[in-house]
Amino acid sequence: MDTLVSLCKRRGFIFQSSEIYGGTGSCWDYGPLGVELKQSIKRIWWRDYVQKRSDMVGLDASIIMHPTVWKASGHVDNFTDPMVDCLECRRRFRADKVDEMPWTHYCAATKGNKFTIPAGEPCTHCGERRALCPECGKGSLTAPRQFNLMFKTFMGPVEEDAALTYLRPETAQGIFVNFENVAQSMRRKLPFGIAQIGKAFRNEITPGNFIFRTREFEQMEIEFFVNPRETVEGKPADEYWHERWIADSLAWFRRYGLREENLRLREHEKDELAHYAKRTADVEYQFPIGWSELMGIANRTDFDLKQHAQYSGKALTYFDEERKEHVVPYVIEPSAGVDRALLAFLADAYQEEEVRGEKRVVLGFHPELAPIKVAVLPLLKKRDDIVRTAHAIRDTLSTHWSVVYDDTAAIGRLYRRQDEVGTPYCVTVDVQTVGDSDKGESADGKVTIRDRDSMEQARVPIAALPTVFLDLLGGGSWSAVASRYPTAKA
Ligand code: GAP
């Protein structure tokens, strides 16, 4: 994780928020390359799940909603974690996580020496187990109290209870309260889904592990509405669609590069199910901190629509033409965190290898995810014609993709820099491209394209670059495309 955090800062992916003021607890800012990577994740998710599917539409609901939404959804009463406070250092911990932390111990058997003891283990000198604050090792902890994770805020100029509302802790509720609006305006028939990408806020007691658990994060959520009276392939529609969405979600992460061995599915035990769920399966990823939740796929039944119908007094039903009856749809909810997806793609892409006796760091991103798709590099920055040609190529290609021009180092170092940020292709403009009138050498109008993964190179006419990259960045393999052109010496 430390390697990733340091790479992210050094290469402009992610910075600590408000760093010049000492940073804000577990808030992070996405830098120039981070924002491109994040946009790529959101763009392909939206394209695959909304644009390409005829049974899905999109939504962008507001973050601040009517406060009754959170009463109806159960968040005011149930969205809590048990927390304990240290009476000495005042630090706060999740009661159910205290024993998962290494703990500080002043050992009486060794004249009060201070030790840091691994989580859950006793002191090897005195045999004692943790009883006090794991951080300071001195204070007693209070009895557990329930702590609501929603951020409170006030609407309007007066800070009074009547103006109290919340920053949304999930984007889902914006979809539920708009169910009727969307179904009516878009004339939707079940089954259909509403997708949304947006910020969510949770006052997590123990945030941390870089962007894995933060207080402000982004979600990509789908609420997929099905008719509970129907059966599909012999199964109740909600159970059938739940299985489909679990399989689809795993396949999506694999398609964009997450390794099979780093992904697994975990069923929620009955006692850990959220208050609204009939069944939930998590897609877990082997993060640098160990196996942890990447996304959840829940069967929320008709809980939310029924709750909102009860609290708002509006009927949130669907008229089943075939059975001539009103039904409350069931909901399957694939819910992924953008920031967690980004961390997983980053961790999976990171590779260190040795090339000709030197260490090469590569982010082997899927081309669709790479923050920079093509880097255009001049071999000699003192030659105006080379520089001009390189700029012109960048300008042409950048109408389609994110393309950079860089002349701030020698070519070998420029390649390494692009490898380190995951740029799949580099284009190098050299003397042959533009010719050398002093030596009587005419221009060949060709450039060298270098493939990040194989480090192979091919010599391609400038005019062919848009088609070549359309092919390569649209899923074509390097070997197939490169075979159409002469190999260039690496
Ligand atoms: N609407 C359902 C829902 O919000 P969740 O499991 O609480 O379910 C869904 O959250 C996803 O949102 C998680 O799988 C995770 O990827 C992301 N997420 C949740 N809390 C997060 C946090 N504090 N920081 C970063 N991502 C978070």
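Predicted model: local features only at pLDDT ≥ 70, side-chain atom pairs only at ≥ 80, totals over all residues.
Biologist: What share of the 490 residues in the protein chain is buried?
Modeller: The C-alpha trace of the protein chain spans about 85 × 80 × 50 Å along its principal axes. Its secondary structure comes to 14 helices and 28 strands. Of the 490 residues, the buried ones make up 49%.

Biologist: Among contacts between residues at least 6 apart in sequence, what percentage join residues at least 24 apart?
Modeller: The figure refers to contacts within the protein chain between residues at least 6 apart in sequence. The part of these that joins residues at least 24 apart is 64%.

Biologist: Which residue is the bridge partner of Glu284 in β17?
Modeller: Strand β16 (residues 279-287) and strand β17 (residues 290-301) pair over nine bridges in the antiparallel sense. In β17, the partner of Glu284 is Glu293.

Biologist: Is α2 parallel or oblique to α7?
Modeller: Helix α2 (residues 32-51) and helix α7 (residues 237-255) pack with their axes 12 Å apart, at an angle of about 140°. An angle over 145 degrees would count as roughly antiparallel. The angle found for this pair therefore makes α2, relative to α7, oblique.

Biologist: How do the residues of the contact of α2 with α7 divide into nonpolar, polar and charged?
Modeller: The crossing of the two helices, α2 and α7, is right-handed. From α2 the contact draws on Ile41, Ile44, Trp45, Asp48 and Tyr49, and from α7 on Trp245, Asp248, Ser249, Trp252 and Arg255. These residues divide into six nonpolar, one polar and three charged.

Biologist: How are α2 and α9 oriented to each other?
Modeller: The axes of α2 and helix α9 (residues 338-349) come within 10 Å and cross at roughly 110°. Angles of 65 to 115 degrees count as roughly perpendicular. The two helices, α2 and α9, are therefore roughly perpendicular.

Biologist: Which residues of α9 meet α2?
Modeller: The contact of α2 with α9 contains seven nonpolar residues, one polar and three charged. On the α2 side stand Gly34, Leu37, Lys38, Ile41 and Lys42. On the α9 side they meet Val338, Asp339, Ala341, Leu342, Phe345 and Leu346.

Biologist: Is Asn262 buried or exposed?
Modeller: Asn262 lies in the loop between α7 and β15 (263-267). Its relative accessible area is 13%. Buried means under 20%, so Asn262 is buried.

Biologist: What distance separates the C-alpha atoms of Asn262 and Glu284?
Modeller: Leaving aside residues up to four places away in sequence, Asn262 touches Glu284, Tyr285, Gln286, Trp291 and Asp348. Asn262 and Glu284 are 22 residues apart along the chain, and their C-alpha atoms are separated by 8.2 Å.

Biologist: Which are the edge strands of the sheet of three strands?
Modeller: This open sheet has the order β5-β4-β8, with antiparallel pairing. Its neighbouring strands are turned by 50° against each other on average, direction ignored. The strands that pair on one side only are β5 (92-94) and β8 (145-148).

Biologist: Which residue in the turn between β4 and β5 has a positive phi?
Modeller: Strand β4 (residues 80-85) is joined to β5 by three bridges. Asp85 has Arg92 as its bridge partner, and Met83 stands opposite Arg94. The hairpin of β4 and β5 has six residues between the strands, and the residue with a positive phi of about 70° is Arg90.

Biologist: Which residue in β8 stands opposite Asp81?
Modeller: β4 and β8 pair over four bridges in the antiparallel sense. In β8, the residue opposite Asp81 is Phe147.

Biologist: Which residue follows α11?
Modeller: The buried residues of helix α11 (residues 411-421) are Leu414, Tyr415, Gln418, Asp419, Glu420 and Val421. The helix is followed by a residue whose phi is positive, near 85°, namely Gly422.

How values were computed:
Residues numbered from 1 in each chain as written. Heavy atoms only, no water. Axes fitted to C-alpha atoms, helices over the stretch in contact; angles between N-to-C directions. Parallel < 35°, antiparallel > 145°, perpendicular 65-115°, else oblique. Left-handed = near helix turned anticlockwise from the far one by under 90°. Contact = heavy atoms within 4.5 Å. Nonpolar A, V, L, I, M, F, W, Y, C, P; charged D, E, K, R; others polar. Pairing = 2+ DSSP bridges. Buried < 20%, exposed > 50% of the residue type's maximum accessible area, 1.4 Å probe, protein only.
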